[in-house]
Amino acid sequence: NETRASITTRDRKGVVPRGYRVDSVVSVMNAESWESYLTRRDQVDKDCRSFDGSVDPAAPLPASKWGDMSGIVATVPCATEILSHCKVPPLEAGANEFLMFHGTNPEAADSIAENHFDMAFACKAGLFGQGLY
């Protein structure tokens, strides 16, 4: 509930929920996609460590910098507990990795599970344009 924001968007109309209750969690993972993600994340971590951070480090981004933007990522305080319950490795701070959530309907979730994150099935007119986010 502490990550919830009362913001009305194109996809979230009407009354915004005041909180959430998790009834169950189903983990659906594609080993190939997960391996590809971890390889890319490790490369980002390596690139951030090689960045000349004499003025500001590339990662982890200092808390003072988050204040200059929209604030600290809301899931930071609860991420470790959630990942532990889901039996997922901890986040890589050196790659500025964060836990994010995106809601969808059951039909879309089933489609993602069946077709993975195939761009052919991605929304062409999403809030931020075509893509997977």
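Reader: What share of the contacts in the protein with a separation of 6 or more comes from residues 24 or more positions apart?
Author: Such residues account for 42% of them, where contact means heavy atoms within 4.5 Å. Keep in mind that this is a predicted model: local features need pLDDT of at least 70, side-chain atom pairs count only at pLDDT 80 or more, and totals for chains, interfaces and linings use all residues. Residues are numbered from 1 along each chain as its sequence is written, and side-chain values use heavy atoms, leaving out hydrogens and water.

Reader: Why is Cys78 called buried?
Author: Its relative accessible area is 9%, and buried means under 20%, exposed over 50%, partly exposed in between (1.4 Å probe, protein chains only). Cys78 therefore counts as buried.

Reader: And why does Cys48 count as buried?
Author: Cys48 has 17% relative accessibility, so it counts as buried too. Across the protein, buried residues make up 14% of the 133 residues.

Reader: How many disulfides does the structure hold?
Author: It holds 0 disulfides; a disulfide would be a pair of cysteine sulfur atoms within 2.5 Å.

Reader: What makes Trp34 partly exposed?
Author: Its relative accessibility is 31%, so Trp34 counts as partly exposed. Trp34 is found in helix α1, residues 31–50. Helices (H or I, at least four residues) and strands (E, at least two) are DSSP runs, numbered from the N terminus.

Reader: How many helices and strands are there in the protein?
Author: There are 4 helices and 0 strands, and the pattern along the sequence is α-α-α-α.
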